[in-house]
Amino acid sequence: MERAFVNRTEAGRLLAEKLAKYSNRNDVVVLGLPRGGVPVAYEVAKLLNAPLDVFIVRKLGVPGFEELAAGAIASGGVRVLNEDVMRAIPYATEAIEAVTAKETAELQRREQIYREGRPAPELREKIVILVDDGLATGATMRAAVKALRHQGAAKIVVAVPVGPPDTCQELAQKADEAICLSTPPFFQAVGQYYEDFSQTSDDDVRELLARAAQEISREK
């Protein structure tokens, strides 16, 4: 399947069809990587009748070389460090502690904005379906998978509409299962596989999470 998705809504519905075996189970949680992964995850959660939440990952950039990631932090207070990069940085520990403090504050700010006071879901012993609107390098998704392992998820399923073949294969080894609907060999950027790839705002994320929470409470 090499055609473009109409938008994230269509991509989520198509992805949900491939995840049908996880529908109507009380041990499944769907997590979207904000912001663009949340509209996709919303459709997946709705069709699986599963709770939806966000899983936020923040890169820990090396001071002065911010594009170089020394690690990442994720929802739930988990930090993953790249030891090779850490060894190469002078005063690495002090530098990364400062960056961690700054990124933790931003992560917590986003969680408060998105959840509007709702508690974070319990992920221990759950089947977690981790959704984004696509993969490029896969660095954020790898950090998310590692963080979920720390949190004791029973099974981690990575689910994305599109990604390069090698990145999808690598994540299939890191996670317990990986679903990539489309793996074009000459992949350049996620946006080229969507007719509408308009930016998802914080307000969009907040609204989708609130709507999903209402739908789940109505079901109960």
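## Salt bridges in this model

E116 is partly exposed, with 47% of relative accessible area. Together with R118, D203 and R206, E116 belongs to one network built from salt bridges that share partners. This is a predicted model, and the salt bridges in it number 20. Side chains of opposite charge can pair when their charged atoms come close. Let's look at some of these pairs.

**E116 and R206**
- The side chains of E116 and R206 form a salt bridge, with a distance of 3.7 Å from N to O.
- R206 sits in helix α7 (residues 202-219) and E116 in the loop between α4 (92-115) and β6 (127-131), so this pair ties together parts that are 90 residues apart in sequence.
- R206 is partly exposed, at 23% relative accessibility.

**K21 and E177**
- A salt bridge joins K21 to E177, and their closest N and O atoms are 3.4 Å apart.
- This pair links distant parts of the chain, 156 residues apart: K21 is in the loop between α1 (8-18) and β1 (28-32), while E177 is in strand β8 (residues 177-182).

**R87 and D84**
- R87 and D84 form a salt bridge whose closest N and O atoms are 2.6 Å apart.
- Both residues lie in helix α3 (residues 83-88), three residues apart, which is about one turn of the helix.
- R87 is exposed, with a relative accessible area of 62%, and D84 also counts as exposed, at 55%.

Definitions and conventions: Residues are numbered from 1 along each chain as its sequence is written. This is a predicted model: local features need pLDDT of at least 70, side-chain atom pairs count only at pLDDT 80 or more; totals for chains, interfaces and linings use all residues. Side-chain values use heavy atoms; hydrogens and water are left out. A salt bridge is a side-chain nitrogen of Lys or Arg within 4 Å of a carboxyl oxygen of Asp or Glu. Helices (H or I, at least four residues) and strands (E, at least two) are DSSP runs, numbered from the N terminus. Buried means under 20% relative accessible area, exposed over 50%, partly exposed in between (1.4 Å probe, protein chains only).
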